[in-house]
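Welcome! Please take a moment to look over the sequence and the 3D view below, and then we can walk through them together.

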Amino acid sequence: MVVNKTDEEWKKQLDPQQYRVLRKKATEPAFTGKYLHNKEKGVYVCGACGAELFSSDTKYDSGSGWPSFWTALAKDNILEVPDRALGMERIEILCRNCGSHLGHVFDDGPQPTGVRYCVNSLSLDFKKKDSK
Ligand code: FE
C-alpha cells in the first residue's frame, strides 16, 4: 500500500456514504449508484486515492445493479482477497494503492475474460476523457 491513512484521516476526507463503502466494506443498494448507467468515455479511479482502476471501454451492463467491468485497467492496481462474509464464498476486490474496498469479482463475466468486476459507484470517481 502506498497510501496508508488512519481511520480518522479517511473519515475527514470522505463523505459518510463513501467512507462506509470504501473503508467499512458496505455495499451500496443495487441500482442506486451514480455510475451504473454512465456511458461516457473515460477512466474510473479509486474514490479514496485516485488510482486508475477501470476503463469505460470495458464497462458493460451485467444486470446486477452495480457498475460492472470485464477487466481492470491494470491487474496490479487491484488486490483480490477471499471473502466469506454473509455465508457466501466471494472474492473481494480492494484498491492496492490504498487498501479501500471496491466490490467483488466473479467468474460469470462476458468474453474475452469471463470475469465480472462488480464495483460500487461509491468506491469510484470518474474522469471523463479529455477533461482536464
Ligand atoms: Fe485507492
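Two strands pair if DSSP finds at least two bridges between them. Helices (H or I, at least four residues) and strands (E, at least two) are DSSP runs, numbered from the N terminus. This is a predicted model, in which local features need pLDDT of at least 70, side-chain atom pairs count only at pLDDT 80 or more, and totals for chains, interfaces and linings use all residues. Residues are numbered from 1 along each chain as its sequence is written, and side-chain values use heavy atoms, with hydrogens and water left out.

**The open sheet**

- Three strands make up an open sheet in the order β2-β1-β9, with antiparallel pairing.
- β2 and β9 are the edge strands, each pairing on one side only.
- Neighbouring strands of this sheet are turned by 30° against each other on average, direction ignored; axes here are lines fitted to C-alpha atoms, for helices over the stretch in contact, and angles run from 0 to 180 degrees between N-to-C directions.
- Five bridges hold the antiparallel pair β1 and β9, and Tyr44 stands opposite Phe126 in β9.

- Distant parts of the chain are linked here: Cys46 belongs to strand β1 (residues 42-46) and Cys95 to strand β6 (residues 90-95), 49 residues apart.
- Cys46 and Cys95 are both buried, where buried means under 20% relative accessible area, exposed over 50%, and partly exposed in between (1.4 Å probe, protein chains only).

**The nonpolar core**

- A nonpolar core is a set of buried Ala, Val, Leu, Ile, Met, Phe, Trp, Tyr and Cys residues joined through side-chain atoms within 4.5 Å.
- The largest nonpolar core has 24 residues, and Leu53, Phe54, Ile78, Tyr117, Val119 and Leu124 touch the most other members.
- At least two residues of this core come from each of α2 (16-22), β1, β2 (52-55), β6, β7 (101-106), β8 (116-119) and β9 (124-128).
- Not counting residues up to four places away in sequence, Phe54 touches residues including Tyr44, Phe69, Ile78 and Tyr117; contact means heavy atoms within 4.5 Å.

**Strand β8 and its partners**

- Both faces of β8 are covered, with Arg116 and Cys118 buried on one side and Tyr117 and Val119 buried on the other.
- β7 and β8 run antiparallel and are joined by four bridges, with Val105 opposite Tyr117.
- Strand β4 (residues 68-69) also pairs with β8 in the antiparallel sense, over two bridges, and Phe69 stands opposite Tyr117.

- Most residues other than glycine have a negative phi, and most peptide bonds are trans.
- Gln111 and Pro112 are joined by a cis peptide bond, with omega about 15°; Pro112 is in the loop between β7 and β8.
- Lys25 has a positive phi, near 60°, and lies in the loop between α2 and β1, where Lys25 is partly exposed with a relative accessible area of 44%.
- Phe31 has a positive phi near 65° and is exposed at 56% relative accessibility.
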